[in-house]
Amino acid sequence: MTGYLVRGKKIVTVSQVGTITDGAMIIENGKITAVDKWENLREQYSYIPVIDYSQYVITPSLVDCHTHLLEFAPTSLYPVTSETHFLAGKSIIFLALSSGITALGEQICGHPLCNFSIEDYRKAVQDLPIDISFAPTSISIGFDILAHFTSITKSQSVTKRELIEANLVGKIARESDYPGENIFINATPANFTQEVVPRAGEIIYSLKELKQITEVYHQLGAQIGAHVAGEEGIEMALEAGIDVFHHAHGISNEQIEKVSSKGVKIVATPMGGTHLRPNSPEEILQFVEKNILVSIATDAYLPPYLGASWLPFNNQSLKGPDVLMLIAHPAMQLLKKHNYDENKILALLTANPANVLGKEHRFGRLEQGLDANFLVAEGIPGLEITEVEKIKKVFYLGKKVIDRKG
Ligand SMILES: [Zn+2]
């Protein structure tokens with residue numbers, strides 16, 4: 001028997017059973033085979049080795065379903081060349097892992113400095129102890145002269161005309177693992193500061209074009225996600241049948257109702273990512289109140305939006321996946337104040353983003369049959385703790401991959 005029994009002060013399962021005080025899990029072959037009270041499992045599995053973390057909280061590990069760690073980040077952060085690009089990429093992935101994140105939703109947009117195919121990105125990370133879903137995208141950046149790129153055309157910029165070409169859209173859609181920001185309805189500031197991108201926010205597509213693009217995904221049996229902000233763009237996204245809204249900054253109350261009734265999912269990015277003020281804690285509370293499946297993501301690396309009172313940053317240096325708990329904290333605390341259960345609150349960083357990735361049957365909750373991806377921490381991530389140092393251990397498929405001693 002290769003399994004073990006892991007014991008925690010409490011287990012926040014994010015499943016139907018909620019929190020189990022003095023809980024334990026049986027882990028075998030990378031999977032969770034039982035979750036229950038410690039006393040019940042100890043009796044039943046008296047022969048199995050025990051790992052005692054009874055001074056710590058055990059939770060599902062975190063899922064950041066909107067990141068740009070492998071394409072934009074290496075060239076933004078480090079003096080890399082194409083020879084060392086993925087070396088830097090892997091160290092950034094390690095930082096995510098050491099921040100408690102064991103699953104990522106990565107966007108590949110096309111970038112003038114990165115002449116890599118989506119296959120190159122997949123290969124670079126295939127043996128790493130982390131689960132990465134890729135969303136190939138096209139992107140429109142709000143420079144003085146708009147710049148368009150796609151994951152298919154790599155470092156070569158394209159024209160607006162090419163962006164809507166069915167063949168190209170089909171190629172992007174076919175390589176998409178999940179509805180990330182496959183299309184940018186508004187031109188993006190990307191990770192540039194405001195002065196450099198005066199046209200950020202400009203709407204790129206007509207409603208007719210947007211409907212055609214959405215149709216390409218849906219005919220392939222795929223879902224489509226969009227980068228969208230502002231009432232005009234959001235209205236178009238609703239009309240076109242976009243499945244997942246990334247950002248949705250500047251959404252109106254009426255549009256929140258529509259998102260809810262259509263079953264559209266929202267990936268909130270409280271740190272920034274569009275031309276508008278990012279999602280406030282109050283807005284995220286509203287999404288939850290309207291039963292919208294909402295996730296919180298970093299969109300890292302990003303310069304944090306200045307003038308958002310809920311953000312603890314005082315400069316615009318690029319922030320990475322290590323701030324996920326920190327930027328989620330204000331919204332999670334507000335939910336707590338409104339008497340939401342800690343499991344429902346933690347779902348914003350675990351079960352809900354796993355659902356956006358289409359991997360809710362694999363991880364995001366601590367439940368029999370799911371992957372043994374979990375954290376051992378001094379409190380509930382994002383709700384009670386925001387410093388990565390308070391995450392003591394990270395387990396991926398039953399194996400300890402991060403170990404902070406002491
Ligand atoms: Zn993004």
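## A walk from Leu-276 to the zinc site

Let's start at Leu-276, which touches Ala-229, Gly-230, His-249, Gly-250 and Tyr-305 once residues up to four places away in sequence are set aside; contact here means heavy atoms within 4.5 Å. Before going on, note that this is a predicted model, where local features need pLDDT of at least 70 and side-chain atom pairs count only at pLDDT 80 or more, while totals for chains, interfaces and linings use all residues. Numbering runs from 1 along each chain as its sequence is written, and side-chain values use heavy atoms, with hydrogens and water left out.

Back to Leu-276: you'll find this residue in the loop between strand 13 (265–268) and helix 10 (281–289). Helices (H or I, at least four residues) and strands (E, at least two) are DSSP runs, numbered from the N terminus. Between Leu-276 and Gly-250 there are 6.7 Å in space, C-alpha to C-alpha, though they sit 26 residues apart in sequence. Leu-276 has a relative accessible area of 26%, so it counts as partly exposed; that label covers the range between buried (under 20% relative accessible area) and exposed (over 50%), using a 1.4 Å probe and protein chains only.

Now step back to the whole chain. The domain assignment, whose bounds come from an automatic or database source, gives domain 1 (4–60 + 363–403) and domain 2 (62–353). Their centres, taken over C-alpha atoms, are 30 Å apart, and 28 residues of domain 1 are in contact with 27 residues of domain 2. UniProt, in an unreviewed entry, lists residues 57–399 as "domain: Amidohydrolase-related"; its positions are given in the numbering used here, feature names are shortened, and annotations may be inferred rather than shown by experiment. That span is 31% helix and 18% strand, and its end C-alpha atoms lie 18 Å apart.

What coordinates the zinc ion? His-66 (NE2), His-68 (NE2), Glu-181 (OE) and Asp-299 (OD) do, at 1.9 to 2.2 Å. Donors are N, O and S atoms within 2.8 Å of the metal (3.2 Å for Na, K and Ca), and since water is not among the atoms, sites may look incomplete. Along the chain, the donors follow the spacing H-x1-H-x112-E-x117-D.

Eight aromatic pairs turn up across the whole structure; rings of Phe, Tyr and Trp (its six-membered ring) pair if their centres lie within 6.5 Å, with planes under 30 degrees apart counting as stacked, over 60 as edge-to-face and the rest as tilted. One of the pairs is Phe-86 with Phe-116, which is tilted, at 4.7 Å centre to centre and 50° between the planes. Phe-86 lies in helix 3 (residues 85–98) and Phe-116 in the loop between strand 6 (101–108) and helix 4 (118–125), so the pair ties together parts 30 residues apart in sequence. Phe-86 is buried at 15%, and Phe-116 is buried at 12%.

Phe-374 and Phe-395 have ring centres 4.4 Å apart and planes at 10°, so this pair is stacked. Phe-374 is in strand 15 (residues 374–377) and Phe-395 in strand 16 (residues 391–396), 21 residues apart.
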